[in-house]
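Keep the structure open beside you as you read.

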Amino acid sequence: YYINDAGNQITNLARSIEARYFEALGDTSYEMPADGYNGKDIIEIGKDLAVKHPEIKDYSDEERLKTFRQLGVDYEMEKLKKDLSDFNVHFDNWFSETSLYENGAIKNTLSKMKELGYTYEADGATWLRTSDFKDDKGRVLIKKDGNYTYFTPDTAYHYNKIN
């Protein structure tokens, strides 16, 4: 099971939990992100964490975000595993997208694609020559701002599976 535990969606989840956490502590100065998660479950996670982990409020912004990212993923994974179990679906392997960043797999995959001539630079971005494989156009791997597209860690994941 490929766990999408990296990227903007998880940052939005963490910032949403952060806003609800501080709200539960009586501090409304933390705003819900514009594209945040407003469900009742996020309110409950915030309340639960405020009771169980009041020390998080004293963390640096970076450490707090990292903590809320991990705790948010943990809460969501617990719900997901229960739902899957209710349908009698069980996985032998849980693969974290974050691991692709941490172990260098994305950079290694990008290097391999470049070495094989499958990438090119255009418009300030790095592209994959998917048109060589009958796609209608190339696909961006690294945007102008230096961030990976959603597609990039997926290529590293597939390369990992092939190997």
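Let's start with T126, which sits in strand β4 (residues 125-128). Helices (H or I, at least four residues) and strands (E, at least two) are DSSP runs, numbered from the N terminus. This is a predicted model, in which local features need pLDDT of at least 70 and side-chain atom pairs count only at pLDDT 80 or more, while totals for chains, interfaces and linings use all residues. Residues are numbered from 1 along each chain as its sequence is written, and side-chain values use heavy atoms, with hydrogens and water left out.

Is T126 buried or exposed? T126 counts as buried because its relative accessibility is 13%, where buried means under 20% relative accessible area, exposed over 50%, and partly exposed in between (1.4 Å probe, protein chains only). The T126 side chain makes a polar contact with the side chain of E121 at 3.0 Å. A polar contact is a pair of N or O atoms within 3.5 Å; within protein, one must be able to donate a hydrogen and the other to accept it, and residues adjacent in sequence count only if both atoms are side-chain atoms. Leaving aside residues up to four places away in sequence, T126 touches T119, Y120, E121, R139, V140, L141 and I142, with contact meaning heavy atoms within 4.5 Å.

Next comes helix α6 (residues 151-162). Its 12 residues should span 16 Å at 1.5 Å a residue, and the end C-alpha atoms are 17 Å apart, which agrees; the expected span is 1.5 Å times one less than the number of residues. Which residues of α6 are buried? They are T152, P153, T155, A156 and Y157, and they pack against β1, β2 (95-96), α4 (97-102), α5 (105-115) and β5 (139-142).

Now for the charged pairs. Side chains of opposite charge can pair when their charged atoms come close. With a salt bridge taken as a side-chain nitrogen of Lys or Arg within 4 Å of a carboxyl oxygen of Asp or Glu, the count comes to 14. The table shows some of them.

| Pair | N to O distance | Location |
|---|---|---|
| E44 and K47 | 3.9 Å | both in α2 (residues 40-52) |
| D86 and K82 | 2.8 Å | both in α3 |

Salt bridges that share partners join R15, E18, D61 and R64 into one network.

E44 and K47 are three residues apart, about one turn of the helix. E44 is partly exposed at 46% relative accessibility, and K47 is partly exposed at 42%. D86 and K82 are four residues apart, also about one turn, and D86 is exposed at 52%. An α-helix has 3.6 residues a turn, so residues three or four places apart point the same way.

Most residues other than glycine have a negative phi. D123, in the loop between β3 (119-122) and β4, has a positive phi near 55 degrees and is exposed at 60%. K134, in the loop between β4 and β5, has a positive phi of about 70 degrees and is exposed at 82%.
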